[in-house]
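Dear colleague,

I am handing over the structure below, and after it you will find what I noticed when going through it. Please read the notes with the structure open beside them.

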Amino acid sequence: MSQQTPSDNPKLIARLRDPSTCREAFNEVVRLYSQPLYWQIRRMVTNHDDANDLLQNTFLKAWNSIDNFRGEAKLSTWLHKIAINESITFLQRERRRLNLSLDDEASHLASTIEADTDIDGNRAAINLRKAIATLPEKQRLVFNMRYFDEMKYDDMSQILGTSVGALKTSYHLAVKKIEKFFDDHGL
């Protein structure tokens with residue numbers, strides 16, 4: 001039997017809305033979503049400590065605005081949107097702080113991946129991460145969501161506010177660029 005996610009569990013949503021059970025329900029949300037949100041963030045920012053900080057910021061923002069969660073979208077969609085916005089804001093701040101152009105950012109991310117000691121990976125996994133780092137931010141995000149998280153285009157559309165057709169195009173272009181990276185590097 002598969003575990004029900006919070007977004008599919010109306011009882012959990014009801015507990016989140018009830019002030020007497022909200023804290024306990026939110027602790028359950030944190031337990032259920034920490035790992036998938038961490039990896040969503042980590043694939044964008046590449047550094048473990050930064051990803052942990054952004055995960056904490058994500059849950060803090062969610063907790064502080066839990067009263068604004070209207071339930072029109074799935075809870076998972078709402079949380080992913082917060083995490084992605086945190087990641088994008090962080091990357092923009094880092095680009096400014098390090099005075100990097102978008103092109104320089106790709107080589108900076110690639111060198112960060114190569115030096116990463118927190119993730120054990122075979123050479124193929126490291127090369128894939130480096131290829132993904134060369135993608136423009138939006139394509140990198142769409143590729144990660146589709147390839148690693150196996151997220152449906154409809155869910156990505158709600159999170160990113162982009163049409164399904166545009167997301168499919170972004171994913172297709174990302175795959176082509178990754179293939180080209182592997183070809184260009186003889187991998």
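E28 counts as partly exposed because its relative accessibility is 22%, where buried means under 20% relative accessible area, exposed over 50% and partly exposed in between, with a 1.4 Å probe and protein chains only. R15 is likewise partly exposed, at 23%, and E28 forms a salt bridge with R15 in which the closest N and O atoms are 3.1 Å apart; a salt bridge here is a side-chain nitrogen of Lys or Arg within 4 Å of a carboxyl oxygen of Asp or Glu. This pair links distant parts of the chain, with E28 in helix α2 (residues 22-45) and R15 in helix α1 (residues 10-17), 13 residues apart; helices are DSSP runs of H or I with at least four residues, strands are runs of E with at least two, and both are numbered from the N terminus.

Please bear in mind that this is a predicted model, in which local features need pLDDT of at least 70 and side-chain atom pairs count only at pLDDT 80 or more, while totals for chains, interfaces and linings use all residues. Residues are numbered from 1 along each chain as its sequence is written, and side-chain values use heavy atoms, with hydrogens and water left out.

The structure holds 7 salt bridges, and another of them joins D149 to R43, with the closest N and O atoms 2.3 Å apart. D149 lies in the loop between α7 and α8 and R43 in helix α2, so the pair ties together parts that are 106 residues apart in sequence. D149 is partly exposed at 26% relative accessibility, whereas R43 is buried, with a relative accessible area of 19%. E150 is found in that loop between α7 (137-148) and α8 (153-160) as well, and E150 has a positive phi of about 50 degrees although it is not a glycine. E150 is exposed, with a relative accessible area of 65%.

Turning to helix α4 (residues 75-97), S87 has its place there and counts as buried at 1% relative accessibility. Leaving aside neighbours within four places in sequence, S87 is in contact (heavy atoms within 4.5 Å) with I41, M44, V45 and L54.

Finally, F182 lies in helix α9 (residues 164-184) and is partly exposed, with a relative accessible area of 21%. F182 and L128 are 54 residues apart in sequence, yet 8.3 Å apart in space from C-alpha to C-alpha.
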